[in-house]
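Here is a friendly tour of one protein model. Have a look at the structure below, and then we can walk through some of its details together.

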Amino acid sequence: MAPATVRLNPVGLLIAVVLAICLFFYIFGIPGFSRNERVSMRELLSVSIVLAERGGKRVREIADAHKLQATSKGKTKEGAKEMLTQGDLESHRTIVNGFLKAFPGLTVISEEHENKPVDFNQIPDVDKQLFEVVTSVLSDQKIPINNIAVWIDPLDATQEYTEGLYEYVTTMVCVVVNGEPTIGVIHRPFTDETVWAWVDYGHSPNLKKAPERNEGDLEHQQIIVSRSHQGHVKDVAKKALGEKTEVVPAGGAGYKTLELIKGNVDAYVHVTLIKKWDICAGHAILKAVEGRMTTLEGNYITYYPSDSPKNEDGLLATLYHHYDLLKKLTPEMDTLKGKRQR
């Protein structure tokens with residue numbers, strides 16, 4: 001008896017091959033886009049510093065050339081204009097496209113948005129082994145790329161930028177791992193100062209946490225607040241902390257966080273809505289020096305890509321006595337909310 005001939009169905013064979021290829025890439029990943037690809041956090045820190053400074057350079061060049069081309073994006077709840085300039089857009093392009101070239105497939109969230117096609121051949125390469133980082137951070141960690149997101153504020157304090165109040169202007173990058181602010185970079189383009197930190201791994205040599213003040217000095221506290229989005233923060237602070245409390249208005253969340261870390265103020269308070277790209281980098285740097293940043297209800301702030309970019313429950317940032325201040329501020333905030341709801 002002749003042996004039976006086995007005929008393979010060509011369509012079935014093709015389906016089997018396709019399924020096998022899909023299973024292979026599911027397990028081992030697609031190069032450059034794998035869900036299992038791991039990113040060097042030390043390299044990501046280096047790139048974050050370089051790109052924050054490159055964005056800052058564009059911000060300064062546009063200001064020096066008097067080519068801001070300022071327009072209004074709309075108004076805040078308090079009625080203040082939200083400004084947009086060429087500095088915002090050029091810094092955005094520089095930072096976002098730099099990240100996407102250095103780490104294809106990385107999730108990048110920026111305050112600004114643009115849909116223009118990008119020629120990555122025209123984007124300069126970024127140094128992933130920055131000398132300052134390599135000498136300051138002696139160990140590394142590799143994290144799956146889909147656990148990471150980068151929040152960018154390409155130009156913080158745009159209102160002040162248009163007014164020539166350049167001391168408040170910063171460019172900021174924040175690397176988030178599983179929703180937690182982990183790396184923060186704040187660059188001041190007009191003073192050429194860059195402060196960075198990677199929580200539990202290291203920070204820039206110029207990051208120095210101010211010492212705790214004597215208990216007797218706490219009766220006269222200095223609270224830094226937004227100069228253009230104050231809301232009712234002055235009334236809230238004085239009722240909660242006492243009439244001797246000094247309220248210091250300033251521009252830019254990045255600037256205010258640095259003033260807090262330097263010890264020039266005791267707390268940073270914001271009682272209205274604030275966007276997460278404004279606060280993420282400062283939050284990471286504060287964590288690195290054991291400071292605190294929460295909502296005014298005491299809730300922790302997360303930065304998942306799926307989160308709303310709006311933080312609507314106010315903000316308290318401190319180096320010391322965080323929960324003591326919360327206990328005093330929360331009742332006043334509850335009273336303020338009750339008045340708004342009537």
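## A bond between two cysteines

Let's start with a pair of cysteines: Cys174 and Cys280 form a disulfide, with their sulfur atoms 2.1 Å apart. Keep in mind as you read that this is a predicted model. A disulfide is a covalent bond between the sulfur atoms of two cysteines. The structure holds one disulfide.

Where do the two partners sit? Cys174 lies in strand E7 and Cys280 in helix H8, so the bond ties together parts that are 106 residues apart in sequence. The torsion about the S-S bond of Cys174 and Cys280 is about -50°, so this disulfide is left-handed. Are these cysteines buried or exposed? Cys174 has 0% relative accessibility and counts as buried. Cys280 also counts as buried, at 0% relative accessibility.

## Helix H8

How well does the span of H8 agree with what its 13 residues should give? At 1.5 Å a residue, H8 should span 18 Å, and its end C-alpha atoms are 18 Å apart, which agrees. The expected value counts one residue less than the helix holds, because the span is 1.5 Å times one less than the number of residues.

H8 is mostly covered, with eleven of its 13 residues buried. The buried residues include Trp277, Ile279, Cys280, His283 and Leu286. After H8 comes Glu290, which is found in the loop between H8 and strand E15 (292-294). Although Glu290 is not a glycine, its phi is positive, at about 65°. With 60% relative accessibility, Glu290 counts as exposed.

In soluble globular proteins, nonpolar side chains tend to be buried together. Here, the largest nonpolar core has 37 residues, and those with the most contacts inside it are Trp151, Tyr268, Ile279, Met293 and Tyr303. Among the elements that give two or more residues to this core are strand E6 (148-156), strand E7 (170-177), helix H7 (253-262) and helix H8 (276-288). H8 supplies the largest share of this core, seven residues. Apart from this core lies another one, of 31 residues, among them Ala52, Phe99, Ala102 and Val175.

Leaving aside residues up to four places away in sequence, Met293 touches several partners, including Ile279, Gly282, His283 and Leu286. Tyr303, Leu315 and His322 are also among the residues that Met293 touches.

## Aromatic rings

How many aromatic pairs does the structure hold? There are seven aromatic pairs. In one of them, Trp198 and Tyr201 are stacked, at 3.9 Å centre to centre and with 5° between the planes. Trp198 counts as buried, at 1% relative accessibility, whereas Tyr201 is partly exposed, with a relative accessible area of 29%. Elsewhere, ring pairs link Trp151, Trp277 and Tyr303 into a cluster.

Rings can also have a charge over them. Lys276 lies over the face of Tyr303, at 5.9 Å from the ring centre. The charged end of Lys128 sits over the ring of Phe103, 4.5 Å from its centre.

## A positive phi in another loop

One last stop is Asp200, in the loop between E9 and strand E10 (202-203). Asp200 is a residue other than glycine with a positive phi, near 75°. The relative accessible area of Asp200 is 75%, so Asp200 is exposed.

Methods:
Residues are numbered from 1 along each chain as its sequence is written. This is a predicted model: local features need pLDDT of at least 70, side-chain atom pairs count only at pLDDT 80 or more; totals for chains, interfaces and linings use all residues. Side-chain values use heavy atoms; hydrogens and water are left out. Rings of Phe, Tyr and Trp (its six-membered ring) pair if their centres lie within 6.5 Å; planes under 30 degrees apart count as stacked, over 60 as edge-to-face and the rest as tilted. Buried means under 20% relative accessible area, exposed over 50%, partly exposed in between (1.4 Å probe, protein chains only). A charge sits over a ring if NZ of Lys or CZ of Arg is within 6 Å of the ring centre and within 35 degrees of the ring normal. A nonpolar core is a set of buried Ala, Val, Leu, Ile, Met, Phe, Trp, Tyr and Cys residues joined through side-chain atoms within 4.5 Å. Helices (H or I, at least four residues) and strands (E, at least two) are DSSP runs, numbered from the N terminus. Contact means heavy atoms within 4.5 Å. A disulfide is a pair of cysteine sulfur atoms within 2.5 Å.
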